[in-house]
Amino acid sequence: MTDKELLYIRTIAEERTISAAAKKLFVMQPALSHCLSTLEKDVGTPLFIRTPSGLDMTYAGQCYYEMAVEILDIYNDYRQKISDISSMRRGNVRFGMTRYISSIIAPKVLPEFSRQYPNIDIHLEERTSNELEASVISRKLNFGVHHVMDEPLGAKKGADSVDHDSRLYQQILSQDEFCVVLPEGHPAAAQAMHLAGYTYPVLDPGCLQDEPFVLETKNHRMRNVADEIIRRVGICPKIRLETEMFTTALDLVKAGYGVSIINAYYLRSVSDLSGCRLYSIPKKYKPYWYLCIFRLAKGHMSFASQALYDMIVREEWS
């Protein structure tokens, strides 16, 4: 049994076809098929069965896969520790962020990191929050940055907290509010009040029950938060349009096509807010999300990964 065989079987199990696994491993498909056939002869039983939807693991295959994952994780930890011995003279960092967070954080930290550690290779993946969590858990990424809907239990800014998934640790970087966005001159603006402790005039979204909403699609966490705020308010508004980009929703609000609920931090990055007005949402509806950096609860982090992780934590993201 070699590390190559372990990697091959793990990749076949995850990709579920020989062709997809061969492409990911950068090997010829016949060579990978031969390796699998030889290994199954050595084991004495099939590891996979063919189905219309791809290769499924047999019980023996599942056992082999779990062993392969565990051994490869141990081996990868060893390689990370050996890399540390070089004292940052070489190494790599693999981390991920959601796409819009990437546009904010990457320009602020990566140039300085590269000046301090010019020989460290950086690989950034931009994915959804769920994809990032899965990649960190599977050790494909060293850490990730994303938003979570609810404040982690017992967490404080700069302090570790066990995530809802006990395999992850996370740190809060900032708490960001959501606000109602109305077209300029919208009649609901008359119900807004100026209250202490709020960024904008306060408007209860309950008055928007009969208004058409323009929101991001449900695969975005911003939409998840907006839906939760709407649920807490207790209304069931018409969703007139869903879009992949909050900027598209904003432009449609400006054009009078509907109203929206958007994160205020993102809106502050927009150069032109003319044509719309922003309103704070009453705090009783918990109109927030939390920017968090997260990593594995157990497992080694290389010096290079830890250095970039700490650099992100030290920055001010509010």
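The legends below describe close-up views of a predicted model.

In this predicted model, local features need pLDDT of at least 70 and side-chain atom pairs count only at pLDDT 80 or more, while totals for chains, interfaces and linings use all residues. Residues are numbered from 1 along each chain as its sequence is written, and side-chain values use heavy atoms, with hydrogens and water left out.

**View 1. Confidence along the protein chain.** The protein chain has a mean pLDDT (the predictor's confidence in each residue, from 0 to 100) of 90, and 95% of its residues reach 70 or more. Confidence is highest in strand β11 (residues 276-280), at a mean of 98, and lowest in strand β6 (residues 160-162), at 45; strands (E, at least two residues) and helices (H or I, at least four) are DSSP runs, numbered from the N terminus. Over residues 154-163 pLDDT stays under 50, and the model has 27 contacts (heavy atoms within 4.5 Å) beyond four places in sequence for them. Where pLDDT is low, the predicted coordinates should not be read in detail.

**View 2. Strand β3 and its partners.** Five of the seven residues of strand β3 (residues 91-97) are buried, where buried means under 20% relative accessible area, exposed over 50% and partly exposed in between (1.4 Å probe, protein chains only). Strand β3 pairs in the parallel sense with strand β4 (residues 120-126) over seven bridges, pairing being called when DSSP finds at least two bridges between two strands, and Arg-94 stands opposite His-123 in β4. With strand β5 (residues 143-148), β3 also pairs in the parallel sense, over three bridges, and in β5 Val-145 is the bridge partner of Met-97.

**View 3. The largest nonpolar core.** A nonpolar core is a set of buried Ala, Val, Leu, Ile, Met, Phe, Trp, Tyr and Cys residues joined through side-chain atoms within 4.5 Å, and the largest one here has 63 residues, with Phe-143, Val-145 and Ile-261 among those having the most contacts inside it. The largest share of this core, seven residues, comes from helix α5. Beyond its neighbours within four places in sequence, Ile-261 is in contact with residues including Phe-178, Val-180, Phe-213 and Ile-281.

**View 4. Cysteines without a disulfide.** The structure holds zero disulfides, a disulfide being a pair of cysteine sulfur atoms within 2.5 Å. For Cys-35, the nearest cysteine sulfur, that of Cys-63, is 19 Å away, and Cys-35 counts as buried at 15% relative accessibility. Cys-207 is partly exposed, with a relative accessible area of 27%, and its sulfur is too far for a bond because the closest cysteine sulfur, in Cys-179, is 14 Å away.
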